[in-house]
Amino acid sequence: MTEHCLWRLSRALYRAINDQQFDDLAAMIDDNVDWAVFGPIDMFPFLGARHGKAAVIEVCRQIAQNVRVHRYEREHVLLSEDSGSAMMRFSLTALDTNRPISLRLAQFAHFRAGRLISMRVVVDTFDLVEQALGRAIHLPKIA
């Protein structure tokens, strides 16, 4: 049995973000990849939609300039032959403030011939923004 593409992609992303090693990641990404990370792009400009390998590698470089990954844990995983989905929890450090960040997200990846063709990531943004700001956000009560 061969290793699933999602595991190789996870390791390649980790090495790209923490070690600035982008070659393994680039080898796993299709030239026409469709990538979107849903979150507050005004606060985190490296979130949002990208198309094409060069744009995805560049956004991974931007993420690497902003955070360091200490640990990631897959809470729930669903795999099929050409796709994988995971609910994940990350322990990060914001490089500009040295502030710890705990992040939860869901990712949905599709592969063709072992290469990533589509990625969708949904981030728990409210918690992320509170941690990045270093304070709670108080919203008005909705009746």
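1. Which strand supplies the largest share of the lining of the largest pocket? That is β5, with five residues. Strands here are DSSP E runs of at least two residues and helices H or I runs of at least four, numbered from the N terminus.

2. A word on the basis: this is a predicted model, where local features need pLDDT of at least 70 and side-chain atom pairs pLDDT 80 or more, while totals for chains, interfaces and linings use all residues. Residues are numbered from 1 along each chain, and side-chain values use heavy atoms, without hydrogens or water.

3. Back to the pocket: 33 residues line it, with F46, I63, V67, L92 and L103 nearest its centre. By class, the lining has 27 nonpolar, four polar and two charged residues. Nonpolar covers Ala, Val, Leu, Ile, Met, Phe, Trp, Tyr, Cys and Pro; charged covers Asp, Glu, Lys and Arg; the others, Gly among them, are polar.

4. Now have a look at V37, in strand β1 (residues 29-38). V37 counts as buried because its relative accessibility is 10%; buried means under 20%, exposed over 50% and partly exposed in between, with a 1.4 Å probe and protein chains only. Its C-alpha atom is 5.9 Å from that of R120, 83 residues away along the chain.

5. S83 sits in strand β4 (residues 83-94) and, at 18% relative accessibility, is buried. Beyond four places in sequence, S83 touches H4, L78, A109, H110 and F111, where contact means heavy atoms within 4.5 Å.

Definitions and conventions:
On a 1 Å grid over the protein atoms alone, a cavity is a set of points where a 1.4 Å probe fits but cannot get out, and a pocket is an open set with protein on both sides within 12 Å along at least five of seven lines; lining residues have an atom within 4 Å of a point.
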